[in-house]
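Keep the viewer open as you read.

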Amino acid sequence: MKMSSLFVRTLREDPADAEVASHRLLVRAGYIRRAAPGIYSWLPLGLKVLAKVEQIVREEMDAIGGQEVHFPALLPKEPYEATGRWVEYGPNLFRLQDRKGADYLLAPTHEEMFTLLVKDLYSSYKDLPLALYQIQTKYRDEARPRAGLIRGREFIMKDAYTFDVDDAGLERSYNLQREAYQRIFDRLGLEYVIVRAMSGAMGGSRSEEFLHPTAIGEDTFVRSPGGYAANVEAVTTPVPDPLPFDGLPAAEVLDTPDSPTIDTLVDAANRLHPRAEGPWTAADTLKNVVLALTHPDGTRELVAVGLPGDREVDLKRLQAAVEPAEVEPATDEDLRTRPEIVKGYLGPAVLGPNGAPREHDGDGRQVSGAIRYLLDPRVVPGTAWITGADEAGKHVFGLVAGRDFTADGTIEAAEVRAGDPAPDGSGPLELARGIEIGHIFALGRKYADALDLKVLDQNGKAVVVTMGSYGIGITRALAALAEGNNDENGLVWPMQVAPAHVHVLATGKGQEIFDTAERLARELEAVGVEVLYDDRPKVSAGVKFADAELIGVPLSLVVGRGLADGVVEIRQRASGEREEIAPDLAVARVRELVDDALAG
């Protein structure tokens with residue numbers, strides 16, 4: 001590749017919409033260009049890096065017996081309707097119609113198509129186990145695309161699927177894929193943490209995410225000293241033992257004027273109703289939060305979540321708990337439809353089983369009565385709380401769970417905090433942020449059941465095939481690499497994914513400099529070293545050095561003023577180390593550095 005003809009323009013200024021380093025630098029260095037929000041065009045340098053990431057993935061998938069296929073991105077509605085995901089995906093799905101009015105979608109993922117393909121071709125247990133994969137563009141109508149390639153509306157993903165006769169086969173296939181993922185991310189040089197995760201709309205009995213720890217990550221995860229690790233949405237709360245009711249005083253409604261918030265309630269309680277055993281705190285209060293669920297069919301439902309007042313509702317955890325419905329805080333308009341809700345003073349008495357009897361229509365949808373009430377698992381029977389009395393300026397003191405009120409169930413919706421106990425008893429939790437770069441699912445029989453994928457077993461009996469699904473975000477992995485490998489001057493690619501191994505720079509005006517640089521570039525290519533050659537004749541050395549640092553090729557071979565003294569210079573981008581060497585020894589030395597980096 002010669003810079004004089006390479007299709008690239010480097011930028012000195014950051015793009016206005018760039019929020020994170022990978023986005024800024026990939027655009028400035030000429031790897032990608034924005035086409036629309038969350039949609040990017042790939043330029044030659046970017047495609048070279050992308051191809052290397054894909055090649056590592058292919059090699060490891062092939063090594064465990066995976067076979068590559070390729071599906072269309074434009075798919076018919078019917079398979080997704082059969083599995084319920086035409087509706088469950090909600091507004092994230094790109095839907096369209098052809099000229100005849102038939103419904104299609106741009107695929108967000110391909111479980112249905114893999115299932116139908118295997119159903120079409122295989123019918124016996126002798127055909128299994130089977131592992132298929134593809135590297136394909138996916139589409140999701142993200143409401144808020146962000147951070148360049150990290151959350152886009154169009155992205156490239158590797159998705160693999162395994163097909164087995166039974167659960168034991170699925171366990172073997174799942175572990176093979178899991179180990180392959182570890183090798184892939186190790187080879188890419190990406191730090192990762194494997195965490196427990198929610199299956200969400202995918203379904204299945206087991207789910208794990210591979211997260212790349214980084215401060216700009218959109219996922220929060222936890223880990224403990226004893227080895228527990230989970231996406232924050234998958235963390236379960238250790239449930240305290242129930243407490244006896246005996247001897248507890250009756251609940252009492254007391255005046256708490258001007259106390260619609262937890263802080264003002266605690267202040268009023270301590271001023272007006274102090275207790276002998278010490279000050280009231282937010283942990284003594286029961287907060288009841290009204291939220292709105294929008295179900296895939298468009299139905300809007302209000303629910304109330306009760307949780308200790310020293311905790312906030314984590315909408316991402318709540319979203320994971322109520323999928324495929326979408327959740328948001330209830331609006332003032334929502335609350336106006338429920339006159340029994342006194343804002344700031346809501347208590348359990350008007351909620352769930354404690355409130356008015358419910359009536360439902362013929363489709364099972366509630367049309368009247370108390371809204372559904374779900375409690376944080378910490379609110380166990382026998383615990384006493386200060387909570388709303390459903391009257392402005394009044395709260396109930398000593399309201400006992402299980403004695404004075406009940407709920408429709410429990411829900412994991414409260415924030416997880418650093419220092420909370422790990423669910424497995426392995427110590428206090430530490431919170432961190434990460435980018436999801438891989439996700440694996442033990443799908444089981446959800447899609448095979450829905451699409452009638454069966455094979456004949458050894459006894460000639462038809463059995464439903466059990467499946468696994470395994471995804472890697474190719475473009476996300478590339479962005480994570482850029483995010484973790486840069487400095488104030490530009491990108492610093494690892495050798496195994498860089499667009500070239502060495503950037504040869506001719507930095508001078510004499511013809512001998514350009515002739516020597518050209519010769520060395522050709523000799524390097526002849527021994528298998530990938531070269532980007534800056535042969536631009538009228539560009540200053542300063543601009544060439546700045547572009548080289550921005551583009552981030554791991555080695556530079558500088559042919560310049562030192563040539564008069566019989567030396568050229570080798571620069572290592574990551575360490576800044578420089579080495580002067582005779583031109584005739586430069587090719588062997590660069591080859592050695594490349595080999596060492598690729599082997600390491």
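Begin with an open sheet of three antiparallel strands, ordered 4-6-5. Strands pair if DSSP finds at least two bridges between them. Helices (H or I, at least four residues) and strands (E, at least two) are DSSP runs, numbered from the N terminus. Strand 4 (74-76) and strand 5 (94-97) stand at the edges with a single partner strand each, so one side of each lacks a neighbour in the sheet. Three bridges join strand 4 to strand 6 (residues 103-106). Leu75 stands opposite Leu105 in strand 6.

This is a predicted model: local features need pLDDT of at least 70, side-chain atom pairs count only at pLDDT 80 or more, and totals for chains, interfaces and linings use all residues. Residues are numbered from 1 along each chain as its sequence is written, and side-chain values use heavy atoms, without hydrogens and water.

Now helix 11 (residues 474-484). Of its 11 residues, 10 are buried, so the rest of the structure largely encloses it. Buried means under 20% relative accessible area, exposed over 50%, partly exposed in between (1.4 Å probe, protein chains only). Arg476 is one of the buried residues. Arg476 also belongs to a salt-bridge network with Glu142, Arg146, Arg151 and Glu218.

A salt bridge is a side-chain nitrogen of Lys or Arg within 4 Å of a carboxyl oxygen of Asp or Glu. The whole structure holds 54. Arg187 and Glu59 form one, with closest N and O atoms 2.6 Å apart. Arg187 lies in helix 6 (residues 167-188) and Glu59 in helix 2, so the pair ties together parts 128 residues apart in sequence.
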